[in-house]
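Reader: Please take one part of this model, its charged side chains, and go through it closely. I would like to know which of them pair and where the pairs sit.

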Amino acid sequence: MKYKRLSKEQLEELHPEFINFLATQSITAAEWDVLKKEKPQVAEEEIDVFSDLIWEGVLSKVEYLENISEMHMHLFHLTEKEMKLFSVKVLNPEIDLRTQEGFGWFKRNFQSDFVEYLTASKAYGTDKNLDKFELIEQGAVITKGELYQWFEQIME
């Protein structure tokens, strides 16, 4: 398996797509029931293949990721050729960027000496989608990029 298996909840949400996937494998509903009972390993492999297909589709469309912790923000713009990063470090130990109050403090004080910035870019490795997936595994979430774009504007 290249990525990770979709959760039970995710599979339930994608039930129509999974049925279509099984159909492309020439597996009927009755055959699927038999597979689950008599060859659970084969059924598990089918779920793994489906999960990888879904991840490939999602990752190929991802443009922005955010990983926000108590005192750090890592904002990624995933372009065609490279990953661009805005990194923010808050030096005030009383601030938690994950809270509304902490983020409000940051927006009011983003130019103060209590905030440090770093920008970087990095070329993808041999598998662009795997690089994106690794960021998600480290805690990043897919976004529309509003925060990254805001930084882009203020950094100009």
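Author: A salt bridge here is a side-chain nitrogen of Lys or Arg within 4 Å of a carboxyl oxygen of Asp or Glu. By that criterion Lys-2, Glu-56 and Asp-127 are linked in a network of salt bridges. The model is a predicted one, and nine salt bridges are found in it.

One of them joins the side chains of Glu-137 and Lys-4, with N to O at 3.6 Å. This pair links distant parts of the chain, since Glu-137 belongs to helix H6 and Lys-4 to the segment before H1, 133 residues apart. Glu-137 is partly exposed, its relative accessible area being 46%. Lys-4 is partly exposed as well, at 40%.

The segment before H1 also holds Arg-5, and its partner Asp-48 lies in helix H4, 43 residues away, so that this pair too links distant parts of the chain. The Arg-5 and Asp-48 side chains meet in a salt bridge of 2.7 Å, N to O. Arg-5 is partly exposed, with a relative accessible area of 32%. Asp-48 has a value of 19%, and it counts as buried because the limit is under 20%.

A further salt bridge is formed by Asp-96 and Arg-98, whose closest N and O atoms are 2.9 Å apart. Asp-96 is buried, at 18% relative accessible area, whereas Arg-98 is exposed, at 52%.

Lys-132 is buried yet has no salt bridge, and the nearest side chain of opposite charge, that of Glu-80, is 7.2 Å away. Side chains of opposite charge can pair when their charged atoms come close. A polar atom of the Lys-132 side chain does lie 2.9 Å from the backbone oxygen of Leu-59.

Charged residues also occur in the pocket linings. The second largest pocket, with a volume of about 160 Å³, has three charged residues in its lining, along with five nonpolar and two polar ones. Among the residues that line this pocket are Lys-122, Asp-131 and Glu-134. Helix H6 supplies at least two of the lining residues, as do strand S3 and strand S4. The largest pocket holds about 320 Å³ of space, and its lining has four charged residues beside ten nonpolar and two polar ones. Lys-36 is one of the lining residues that lie nearest the centre of the largest pocket, a group that also includes His-15 and Trp-32.

Note on methods: Residues numbered from 1 in each chain as written. Predicted model: local features only at pLDDT ≥ 70, side-chain atom pairs only at ≥ 80, totals over all residues. Heavy atoms only, no water. 1 Å grid on protein atoms, 1.4 Å probe; cavity = no way out; pocket = protein on both sides within 12 Å on 5 of 7 lines; lining within 4 Å. Points joined across faces, edges and corners; volume = space filled by probe spheres on them. Nonpolar A, V, L, I, M, F, W, Y, C, P; charged D, E, K, R; others polar. Helix = DSSP H or I, 4+ residues; strand = E, 2+ residues; numbered from the N terminus. Buried < 20%, exposed > 50% of the residue type's maximum accessible area, 1.4 Å probe, protein only. Lys, Arg positive; Asp, Glu negative; His and termini not counted. Polar contact = N/O pair within 3.5 Å; in protein donor to acceptor, adjacent residues only side chain to side chain.
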